[in-house]
Each structure stands twice: as structure tokens, then as C-alpha cells.
Amino acid sequence: MSVPAGPQAPAETDAAGRAGSTDDSRRTLTRTVLRAAAVPLASVALGLVLGAVLIAVQGHSVLSAYSALVLGGAGDADALLRTLQKATPLVFGGLAVAFAFKAGLFNIGGQGQLLVGAAFAAGVGFGLEGVPLVVHLPLALLVGAAAGAVWGAIAGVLKATSGAHEVIVTIMLNFVAGNLTDWLAANPWQDRSGSNIIARTPLVEPSAEIPTWGWLPAGFVLAVLAAVACWFVLERTTYGFEVRSVGANRHAAHYAGISVGWIMASTMAVAGLLAGLGGAIESLGVDGRFEAGVNVGLGFEGITIALLARTNPIAVIPAGLLVGLMEAGAAKMQFESGVAPEIIDVIQALILLFVAAPLIVRWLLRLRDTDDRRLTLGAGWGR
Amino acid sequence: MTARAGPDLAAASGNAGMRGWSPQRVWSVAGAVVLVALVWGFYAWDGAQTTAVLGGTVRAATLLVLGAMCGMIGERSGIVNIGIEGQFLMSAFTAFTVASMSGSLFLGVVAGVSTGLAMGWMLAAMSVGLRTDQIIAGTVLNIAALGLTSFFYDRGRSLGQPKYQSIELGPLADLPVVGTALFNRPPLTYLALVLVVVLHVLLLRSVWGMRTTAIGEHPGAAATVGIDVIRLRYWNVTLAGGLAGLGGAYLALESVGTFTRAMSGGRGFLALAVMIFGRRTPLGAYAAALFFGFTTALQGQFQLNDTFDIPAQFVGMLPFVVTIIVVAAAGLFGRMRDPAALGQPYEVR
Amino acid sequence: MVAAAETVAAQAEPEVLLAGHGITKRFGPVVANDDVSVELRPGRILALLGENGAGKSTLVNVLFGLHRPDAGQVVIADEHVELSSPHDAIARGVGMVHQHFQLVPPMSVVRNIVLGAEPRKLGMIDVAQARRRVMDLADRFGLHVDPDAAVEDLPVGAQQRVEILKALYRDARVLIADEPTAVLTPQETDHLLDVLRGLTDQGVGIVFITHKLREVMAAADDIVVLREGRVVGTTTPAQTSEAALAELMVGRAVDLHGDRFESGATGVGSAVSTAAAYSDEKPAAEAGELPVVLDIAGLCADDDRGQRAVDELSLAVRAGEIVGVAGVEGNGQRELVEAITGLRHATAGTVSISDRDASGARPRQVTVIGVGHIPEDRAKHGLIGSYSVADNSVLNRYFKRPFAAGGMLRRDRIDSHARDVVATFDVRTPDVESPADSLSGGNKQKLIVGREFSDEIDLLIAAQPTRGIDIGAIEFIWRRIRERRDEGTAVLLVSAELDEVLALSDRVAVMYEGRIVATVDPRTATREEIGLLMAGAAPAEVGS
């Protein structure tokens, strides 16, 4: 372990925080980042290569498919806007997983937390009229974030009090949230205008809309700020110390006087808050309303992104952008080369496989085992 | 009862038997009695509908118990399998596709089981071989299954033949109340029931079952008496995948008769709750599966029936809410003890 | 696989039961065994003597097939063998009694014994036959256990008998016993040595690993002393003395009788009493005059399995005294410490620290009151292995000034504090940014001690403060604990090493089955008396 960083203090940010002004330390920093990023980058490359094989097997042109994918995601201002819009909830979803990870908790509930956040933010967005933007938009965001936080906290509180495993509980809560928001969108909050029969809310008031500046959606700026805030909290505050301690060694954290139950509950609430905020931005900034069943699968994508970022909040941003770009470009790829957009899901799954089992990548690329830190979530269901 | 993984492990002896009935046992028996009385009452009130609900219960329970047995073999060996959902989905897909292309349901089942085995092996390779975190390894299976089945999904394909049909077991099928529900079922349901009993005996009484317990509780001790922990874990997780594969085949070829995107609908996760509720024994899991199956069957009846005006979404939540309550309650009342080495990769020194 | 003794007798007696010739084993840069040779003959007890880390365990793991040697050969029953797993060793009649019992806790005794070599009927375990065989073996060797009890319900001594039976069930002609007496009372130890002696009468050879000189002198036929991975001496009890062995083991002259016990109490069971000489410098004040700092009354606590482990225990520790709790492990010492420090819920009773009620206090409150706690399990409680030395140096004080202000960590203050601790407590580490996992056991422990001593404390609770560390670190930590005592800190010392308790304590409280059964003066009590108390004898029987 030649990287001078504790496993919970991700190598690159740790080094960044301490980097001096000398050339030497800058070179060390670059090397550290490259080393930490080697496996994720190689995983992405391998995922794309195998995706190309699938595309070729189906008789399509790999070159035209991938170039359409990139052009569709970054070819012009519109494409860039689409990518950033797609990336926004992905970054939040990735943060929701990465943050909980620091406390040793596996939040598979990003999906449900995002759904309740999106639905309740939309509820406030169309439900209040004649409120100025400075009140309405923050309020709608806040309600969405709070809904997500509550949804995450349920799992955290149950874990702390009864030992119910957060993985099971968050998965179940995803289904509960799906049903609940379906019902909201199909019944009390349904858009009754015209002959609409779709389960969706009315459009939110203009005073609750998140602005877009050219190709830059304001929501994405929020996502970047959230990532930086997560990093700061985890690395620089006593609360972050407590979260990381619980994740690294629960028993030692207890010995150190940290209330393990409180950290579990509050960490899951923060994770839920992040996902809920992502959902709220989706409703208020992209779709303009809540529609049942939007963003199915986002919880899973958050896992891929968090692991691709090796649970480092800052690295979640590029990871989210990458996946966002693929999703934004998938339509153009289908249009121009006939490849089913679901190929993106397959590539993502492959990337996740390689990131999760770095030994495969190391063996394939003959990489030295530079950093043997392992992601461990602990074990059983009963404790 | 609270502290043991299973009372059977400590060879039933005087002291285990003389402790009398634990509160848990009293509750389960009382619950069973109430349930039987309720079912009987409903049957007297509305025979047709009760029969339909019971049939639906057994139908849903079959899938859940197959998943739960897959999960428990893994967990008794020390491996958490959260990828059952993906194993269901992928196997359902291959079972459906092969049955549709070959025109043989049996070949479809073979394909489903093989797919389950392959995915079991992948889980073993990741969590046992590469020592990836087990929960992440299972998540990889789930995401991969969703991605691959979506990508290869062919909307136009149909099964091209009827799904598995019920077989009446002679006079047993004419029994009141349970006759139709239990003894007039399609073949895979019977197969699942046989597997429940066989696996129960094997896990608790056989040499294999005891060694499996040993590698899940104390792999180091098992290794010192010459048990190849890695090898047995590989075998167990792979073979357990076959059970989930059968579940997938059952879902596509017997329960539904087609394949749709994400058709496993969370039941691979419910199977884990069933396994926990059933205390990692096949018979216990079957009892739990019937309970969960009952909530699913009710959901179906509610949707067909106008007597109760409960929105479908709330009925749809029921199994998931019940699971949360069960998992939380299992923690609050008499913490169940997990196999001691659950979730921990084993490294040969 | 019938009965061990018959098989042994029936076979031609080999000349050498088990041997290692020129064994070398490296772990990364560490050479654990360097050209080590040992030989065991039938009916003899070979003692492998050495400090922690001398390479004893590595050697027996090689002989047992758990590790493969980098060089050298293993001989079993006069034959050179390649062992690829313990299975090979077991098949050739080598059995191991592990220091940490290799038993599956929730399984029954019979199932544990037959595991891996089960009598079967159609793939099912033939329970009746298994039970019968186990009972036969137990009778033949006088190792009595309840065959149907779950192992986790048995006391330690009985679990050890299960381990021995497990080896005998596999027709072991060689029994390797790794620190078998570590968890036993002196009386249980004597019993075990008798059992081992009985086994040699039936032709079994025994490799006996220990760091306790007294046991070596009492039981061994041959002695091999290891130090830093090398054989530094081969002898017999008749040709040597405890002092000579201690010097071989440690590598320098050791003052064995500098402590305050009569040497007639024979007592120096371990070579680590070197620093005991310090303890005669008692603080000026007699303990009785100083105020009570820790006052425990009627304390009860359950163990992890919900069984009562601390049973209406009462104990007081005054400022400026070290009270040592002696007892066989598993008599509630761990639960006692955890209940005092807030790590475990006390079911009844009161704890008061410096006249403040600390009953049911949380770990944070206990720290804030002014308690230092050296926890028993370094890896589990004491340190976060992946954290840096710096973060670990403030593990339970990170929230206090000057390490934090306004919810923010102050890295510069934490780092400079860590450098202080590293310098003052001689923690060998390249820098304070290195992860704690990269330190050796002794340095980890010094880091913990340094952390706990760097704040104002009125009470120090030290649980197994020197377990598994080298002599240099032991001496260092003992000296620091005495210094603290002399400055007026109250010290509660809990140790499974009777020698440590005797060397450090001003008063010795003997704990048995969750209670303090007697408090004795270490200057007048003998090892035998304390041993009897540890084994549960009533104080009245022991006295006079």
C-alpha cells in the first residue's frame, strides 16, 4: 500500500487537500490520481469494448454507433444540455450511494428516495400559486429533499433500532415508493386538464421552475455543489469523522464514544436527502412535472456511479457525466445506427462488474496491485 | 431458541426438549390455528373465492420458496446472495426463449436451470473466488440481468404453446379447501414441493448439510479438518443458483406463460425476507412463503373484486410493507443469529 | 479409524514421529522461520518455547500443513512428506489442539468431533455410531464431555477436551498443542499436563507450544527454544534452569527474581517479570488514605449470548493504587470492563467514578469524566486499522478542543498531537500519516496507551494491556502504568496473565463466575492460593 491515504480518505482528494505548491508534490498528486483512476478507467474501456462486440455481433457498425453516441451526448449545445440534464440525477443518485457507503451502509434505495422527492417537489411546484420564485422554488426543493430524507431515514432508523438490514429495507421501500407515487400521480394529484389519462401531475408553476442558462442547467450546478459539500463534510468535519469511523470499524467507533445508531440513521437521512434533491430537480428543472414511473432504474445507476467513483464524492461528478452522456446519446445512436438503446444498460452492467471485481481488470491489464482497499459492507441480516 | 441458528444443529437432546415451548413457538402455533380457522370460515362463506385465493397463495409461494432455498444454501455456507432477483429474471428469459424457439417446455426448464447455475457460478466466482463484497457481487448480477434481458428482449416473440397445465393428483384433488390449491397444480409446483422436503432433510441431517453449516459458521475450523471451504462454497452457491433458475423457469413457463421486461418484480428480494422469516430452513421458508404468497394472492383478488375499494397501489405495497415489518420485528424480538461467517470472504492462508 | 490406541499399538513404532528439517518460511519481507529443525519421538513431550512472534506458531503450521515452507522438509513417521493441506497431516496421524479452538460453536460435541470424517449411512450422518465412538474414546482417555451439548454452552476446559478428542478420533499419533494452557487455571493446567502425560504412555508424541517456563520444566521431555525465527537452544529440563531458558528466549539476561515474591513460590511462570523490580517503590501514601475513584456496587451484566456474566459485583479502586483483577478468561472480566466503560449495558447495580454517578453512562460520558481505557481487543475496539496514526491518536477525543472547533476538524492540531504521542510513547512509525494497520502489535498498543495517557485522567482501565506484544513493549507499558499510579491515578488492571497481575498490582481481586471471590495482598499470597481462588475454591479453604 504505497498510497499514503487511509481507505476512507480517498486517495486523490486526500492528496489534493494537502498538496503543497512544489512541483514534486504536484507530480505525486498526478500519479496518485492516475493510480486511483486506473481500474475505473480500464473498466469503462473494457465495458465499451465488450459493448462493441455485442453491437458487431448484431450486425451494426461499431464506429457509427459509438460516434453517434458521443455526438448525441456532446456534439452541440443541445446535446450537452441533454447530457448535463441526464447527469444531474445520476450525480445525486451516486452521491446518495457513496455517502451512505462511508458509514458502511449500502443504500439501494436511491430509486425510492428519488421518486418521493420528485413527486413531493412537483406537488409543491404546481400546488402553490402566486408565490414569488425566491420562496416557491427553494420551498419545492426543500420539500422534495425532505421527502427523500424521510424515506432514507426509515431504513436508517430501522437499522439502528432493530438491526433490520438496510439493503432489504431500502429495496422494499423502493417498491413502496413506486406504488405510493403512482397513486399520487394517478389520483389526488393527477393532471385533469383536457382529456389526460396519463398518471402525471400538472406542470409546475413558472415560479417553481429551475432555470437553464444556455447549455448549462442550474440543477447541474447544484449537483456539483452537493458533491463538493459531501466531500467537505466527510473529510473536514467532526460529523464526517464519525461517519467514516462507523464505516471503517463500528466497534471502535462505539468505543470512541460515537453514537453508532445516530450516525446510521442520520447518514441514511442525508443519503435520502441527496437522492430526493435529485428527484426534485428532475421534476422542477427537466420534466416540469412528476410522471409515474420516471427514472426507473436510477437507484441502480447510482450504485454503478458510486462504485465507478470509488465512493469519492468528487469523482462522482465525472462518473455521472460519463453515464449521462451515454444515456443522452443513446437515442441518436439508435436513430443513426439502429442499435437498441438498452445496450447502454449492458455496458453499464459490465462496467460495474469490472469495477466491483478489480482483480479481473488487474489480471487482464497486468496492473500492479497498487491499492488493495476493498469495499466491504459487512454481513448479515440480523445485526 | 433466540440464540441458536437452528435448534436441530445441537442434536436434539434432553436439555433442548425440556425447555418447553418458547414464546415464538407458541405464537407460531397460535397463528397457524387462527389462520386455519379463518380460511375455513371464509371457505364456508365463499368457497369459490377462497379456493382462488388459496390457489394464488400456493402459486406465489412456489417462486418465493425456490428463491429462498437458493438464498439459504448460500447463507448457510457464508455467502449472502442478493442476486436472486437477477437469477430469476435471467432464467425466466432463457427458459422462455428456448421454450419458444424449440417448442419444448422441458427444454425451456433445462435452459432456465442452466442459466441459474451459470449465474450461481458467477456469484461464486466473484464473492468466493475474487472475494468481492458479496452484496456488491449480487447487485452486479441484478443489474446485468436487467440490462441483458432488456437488450435481447424481443417484443414479438410468444411462447407458441400453452404454458404448463395442472395435473390432478387423483382423489387428493377432491379434498375440500386445500384440494385444488395443493393437489391440482402444474408439474413444477410439485417438483418445488418435493425439493423443499428433500432439501430440509439434507440440510439438517446429511453430511453435506453439516459441512455446509460448518463452513458458514467457522470456515477456519472446517478447513482444519480437511474440508475444502472454497470448493464447497463454489459448489453450494452454484447449485443453489439452479434452484433460482428453476424459479425463473417456473415464472415464465408455468406461472405466467410469457416473458416481460423486469417480470421478477422484486420477488427475488422478497425471497430473502422469506428465507429470514423461515429461519433458513426449507420447511420454515415454505411456511413463510405461503404467508407472503397469501398477501400477493389477496392483491389479485382485490383487483378483480369490487367489494373493497382499496386502490391497487396500496394493495400492491402490501408484500413489501409486510417484509419491512417482518425484517424489523425479526430484529426486535429474539434476534436471529446469522451464520457467524456470513458475508466474510474466506482466504486460504 | 477404529480406536486410536489400538491402531497405534498395532503399527510398527516409527523412530521419528514428526520432524522438520531446515524449515524456512517467509511472509513478505518477514522471515518467520529461518532454517529451523525439530524432532519428536514416540512417547515424548517436545516443548517449543519462545516469545510471541518467535516463530512457534509458524513452525507448527508448517508441520501441520497449513503453511507451505519456502525451504526445508517435513518428516512424519520416518517419511519425507509434502503437505498441501492439514488434511494430509491429519491423514498421517498428526492432530492439532489449536489455541483458538477450531470448533463450530452452535454444533454439538459429537458433530464437532466427527466433522470431516463422519460415519455415514446413505449420505446421512450415522448419529448413533458417531456418538458411540466418541463415548468410547472419551472413556479410554479419561476426557469427559457431554456428547450432546452444543460446544458454545461448554466451559473452556471442556472445549479443550473436545479439541483433543477431535484429534484422537482421527487416530492422531502426534498431538500439537498450541499454547493450550493460556486459558486455564493453574489447577486446570496441571490436569491438562496429566492428560498429556497419559497420552504419551499410550505412545502418542506431543508438541507443546508455550512461553511459560514453569510448564516446560514440569512437563517436557525435550525443549527447543526459538527466538526471532531461529532455534537458539535444544535441551532437556534436567540440563537447564528457568533462568537459562529465559535468557535463551529473550536474548539477554533477565532478572527473574527481582519481584517481590519468594522464589519459593516458583512462581515466575513467564520470563516477562523483568520489570517487576519497579513495583517495590510504592507511593508514599498508603492506599487506604486516598479517596475512592472507582466504586462499583452490585453490578450485573450479561454476555453476548444473554447469560449473566457479571453477577452483583462490588469493587473499589482508590487513587494511587493498582487493583489487578485475576481470573481465568471468560469469568466475566471482559463484560465487567465493558459495563464500566459504557460499551455494554449493565442490567443492575451502580458505578461511580470520582464521586459522579456513571451507571449506564455512554462511552463518551465515561471519557469526558476522565477515564482512560486500554481496551482488551486492539483491533476491534482500540484502533481503526485503516485510519492514520494521527486520526487514531485522537480516536475518542477528536471532538474536543483543540482537535476540533465549531464542528470542524483541525488537522494541524491533530497532526502535532500525534507527533507528540509518537515521540513520547516511542511508537515506531515512518510518519503519522501511515495507517495504523501498518504498525506492529507492540507499537499499536503503545499508540493506544499514548492516546489514553495524553489526557487528564483520574481512572485508567487497562484490559490485557500487554497481550501478544514483545518484551520491550511490555516493559515500557508496565513502567508507564506504574508512573501513572504514582502520580495518583487509580488503575483497574484486568489481565489473564497471573504474572502480570502479580507484578503490577497493589491489591489483587480474584474474579470467578462474575464475582470477586476474594481480594488478596500480592505480597503475601502465593500463586497456588490465587490459583485455587481462580478455580472457584472458597476463600476459607484457601487461606492458612
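This is a predicted model: local features need pLDDT of at least 70, side-chain atom pairs count only at pLDDT 80 or more; totals for chains, interfaces and linings use all residues.
I number residues from 1 along each chain as its sequence is written, and I letter chains from A and number ligands from 1 in the order in which they are written. Local features need pLDDT of at least 70 and side-chain atom pairs count only at pLDDT 80 or more, while totals for chains, interfaces and linings use all residues.

**Chain A against chain C.** I looked up residues in contact (C-beta atoms, placed from the backbone, within 7 Å). Chain A gives 18 residues and chain C gives 25 residues. On the chain A side, helices H9 (238-248) and H10 (250-255) each supply at least two residues; helices here are DSSP runs of H or I, at least four residues, numbered from the N terminus. H9(A) brings the largest share, 5 residues.

**Helix H7 of chain A.** I checked the length of H7(A), residues 166-186. Its 21 residues should span 30 Å at 1.5 Å a residue, and the end C-alpha atoms are 29 Å apart, which agrees. The expected span is 1.5 Å times one less than the number of residues. I then found 20 of the 21 residues of H7(A) buried, meaning 20 or more other C-beta atoms within 10 Å of a residue's own.

**Cores.** I took a nonpolar core as buried Ala, Val, Leu, Ile, Met, Phe, Trp, Tyr and Cys residues joined through C-beta atoms within 7 Å. The largest has 320 residues, with Val65(B), Val274(B) and Val510(C) making the most contacts inside it. Helix H6 (residues 133-162) of chain A contributes the largest share, 15 residues. A second, separate core of 85 residues includes Val229(B) and Val114(C).

Key: Two residues are in contact if their C-beta atoms, placed from the backbone, lie within 7 Å. A residue is buried if 20 or more other C-beta atoms lie within 10 Å of its own, exposed if 12 or fewer, and partly exposed in between; C-beta atoms are placed from the backbone.
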